[in-house]
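Here is a short briefing to read alongside the structure. Take a moment with the view below, and then we can walk through a sheet and a helix together.

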Amino acid sequence: GTYAGHRFFSKKTFDSAVTSTNHAGDVDRILGRPVRWGFGFMLGSTPDVFGDPRHPRAAGHAGGSAVVSWADPDERLSVAFLCNSMLSQNAAWERYRKIGNAVYACFKEVP
């Protein structure tokens, strides 16, 4: 997208970055759960990380069980959640899921 008249990524660069580099259902060896990866980004088809519904062109990252951020160009939306309360991995992913659901619910209610 653009900000203040500046384009940060071309459409071609973004499309390359969010092209999946692995197969649906592949379990990440570090996280121990299915993660769809682009080039350095978790993709919106990763279960739970950006809420329950899948957002095919969303891309972002979660980390340290206390942060998650993503951009969804189809919705013209960007989100960042940061806190100082680390949780177990399963609890953190549940928190990410709830945050994603709440964000998209609010976003969809705006006329």
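A residue is called buried under 20% relative accessible area, exposed over 50%, and partly exposed in between, with a 1.4 Å probe and protein chains only. At 32% relative accessibility, alanine 91 therefore counts as partly exposed. This is a predicted model, in which local features need pLDDT of at least 70, side-chain atom pairs count only at pLDDT 80 or more, and totals for chains, interfaces and linings use all residues. Residues are numbered from 1 along each chain as its sequence is written, and side-chain values use heavy atoms, leaving out hydrogens and water.

**Around alanine 91**
- Alanine 91 lies in helix H2, residues 89–109 (helices are DSSP runs of H or I with at least four residues, strands are E runs of at least two, and both are numbered from the N terminus).
- Phenylalanine 8 is 83 residues away from alanine 91 along the chain, and their C-alpha atoms are separated by 34 Å.

**The sheet**
- An open, antiparallel sheet is built from 4 strands in the order S3-S4-S5-S6 (two strands pair if DSSP finds at least two bridges between them).
- Strands S3 (42–43) and S6 (77–82) stand at the edges with a single partner strand each, so one side of each has no neighbour in the sheet.

- Strand S5 (residues 67–72) runs antiparallel to S6, joined by 6 bridges.
- Across this pairing, tryptophan 70 stands opposite valine 79, and serine 69 has alanine 80 as its bridge partner.
- The hairpin has 4 residues between S5 and S6, and arginine 76 in the turn has a positive phi of about 55°.
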